[in-house]
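Biologist: I have a model open and would like to learn how to read its features. Could you take me through a few?

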Amino acid sequence: MEAMSAESFNRPGAVDLSGLTAAAQSTAAPAAPGPGGSSWVVVADEKNFNELIGRSMQHPVLLELTSAKANAQAMSDELDRLTNEAGGRWLLVRVDVDATPQIAQALRVQAVPTLLPILAGQPVSQPIQGTLGADQIKDLTEQIVQLAVANGITGRAAPVATAPAADEEAEQGPSVDPRTVEIEKMLDQGRYADAVAGYDELLAKTPGDAVLSAGRAGAATLQRLDGKDPRALLEAGEAAAPGDVDAQLAAADVELMGGDPAKAFNRIIGVIRVTREEDRERARTRLLELFEMVGNADPAVAPARRALAAALF
């Protein structure tokens with residue numbers, strides 16, 4: 001697969017999505033919930049399409065145009081799995097071209113299945129047509145995340161829904177955590193400081209709540225990166241000494257949001273190894289926050305915890 005580049009981000013001739021039906025404030029329909037019931041996969045129609053594409057101002061959106069006639073269910077299943085495992089590094093927006101042919105026509109899609117990565121409301125590559133295997137999909141999504149970070153888009157997608165119990169779904173529809181609905185709106189609006197304050201208020205009532213702690217860590221990371229040039233932060237971290245706490249923690253934020261938690265963790269552990277007292281404690285506290293953010297299920301967490309213990313003792 002040909003690598004995408006930052007130069008393609010605003011390339012001439014990019015498809016203008018603004019001519020589609022005006023966005024409607026409707027609830028997106030979830031598909032294929034991931035572990036724990038959360039899903040970052042949403043089915044689009046004419047009513048919610050523009051609103052979903054608009055989220056690419058905050059985080060990557062991967063648009064999948066498909067059809068039952070395409071015999072590509074295995075590819076869709078793999079997209080669902082990788083998307084939900086990524087936990088918000090991008091949002092997968094699925095379009096059934098049989099149900100909504102207008103969207104495919106507007107995008108001039110010639111065949112299905114087709115994938116189209118979207119950042120800041122614009123495609124960042126030519127449509128990727130045909131069935132892709134698991135490794136090809138993984139390569140594509142890694143490129144999208146890296147390109148997003150390079151262009152200053154470092155947000156994470158909120159889950160579109162959580163899966164209710166089967167006997168409740170018909171009556172209740174998709175459920176969301178009612179505690180964080182307003183906070184998620186703040187995140188979508190780029191109001192990261194308000195979101196952090198909102199999480200702090202909730203945590204004061206329910207200390208130690210893992211879900212809220214993870215959400216707060218994510219909001220705080222977005223707040224720290226807001227308005228910063230991710231590429232410059234990474235370059236500064238590489239140029240700085242391991243004991244330069246500010247530079248190394250900022251670079252670790254970028255690496256984490258760019259989809260490389262292991263590299264972020266190792267960078268902070270390097271700080272812990274060469275610092276003492278307040279600087280060491282600050283780095284240790286940040287590392288624990290990032291552990292909370294990605295969750296213990298992430299394969300990078302367990303080895304990083306062992307490395308942290310070795311660095312401390």
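Modeller: Gladly! Let's start with contacts, setting aside neighbours within four places in sequence: on that basis alanine 104 touches Leu65, Val97 and Val109. Bear in mind that this is a predicted model.

Biologist: Which secondary-structure element holds alanine 104?

Modeller: Alanine 104 sits in helix 3, which spans residues 101–106.

Biologist: And how far is the C-alpha atom of alanine 104 from that of threonine 66?

Modeller: Those two C-alpha atoms are 9.5 Å apart, while 38 residues separate the pair along the chain.

Biologist: Is alanine 104 buried or exposed?

Modeller: A residue counts as buried when its relative accessible area is under 20%. Alanine 104 has 11%, so it is buried.

Biologist: Now the surface. Which residues form the negative patch?

Modeller: The negative surface patch consists of Asp135, Asp139, Glu142 and Asp260. Aspartate 260 lies in the loop that links helix 10 (245–257) to helix 11 (261–274).

Biologist: Why is aspartate 260 classed as partly exposed?

Modeller: Partly exposed covers the range between buried, under 20%, and exposed, over 50%. Aspartate 260 is partly exposed because its relative accessible area is 34%.

Biologist: What about the overall picture?

Modeller: The protein chain has 13 helices and nine strands. Among its contacts with a separation of 6 or more, 70% join residues 24 or more positions apart. The chain exposes about 15,200 Å², and carbon and sulfur atoms supply 50% of that area.

Conventions:
Residues numbered from 1 in each chain as written. Predicted model: local features only at pLDDT ≥ 70, side-chain atom pairs only at ≥ 80, totals over all residues. Heavy atoms only, no water. Patch = residues over 30% accessible without salt bridge, like charges linked within 9 Å, V, L, I, M, F, W, Y side chains within 5 Å. Areas by Shrake-Rupley, 256 points an atom, 1.4 Å probe, with all protein chains shown as cover. Salt bridge = Lys/Arg side-chain N within 4 Å of Asp/Glu carboxyl O. Lys, Arg positive; Asp, Glu negative; His and termini not counted. Charge placed at Lys NZ, Arg CZ, Asp CG, Glu CD. Helix = DSSP H or I, 4+ residues; strand = E, 2+ residues; numbered from the N terminus. Buried < 20%, exposed > 50% of the residue type's maximum accessible area, 1.4 Å probe, protein only. Contact = heavy atoms within 4.5 Å.
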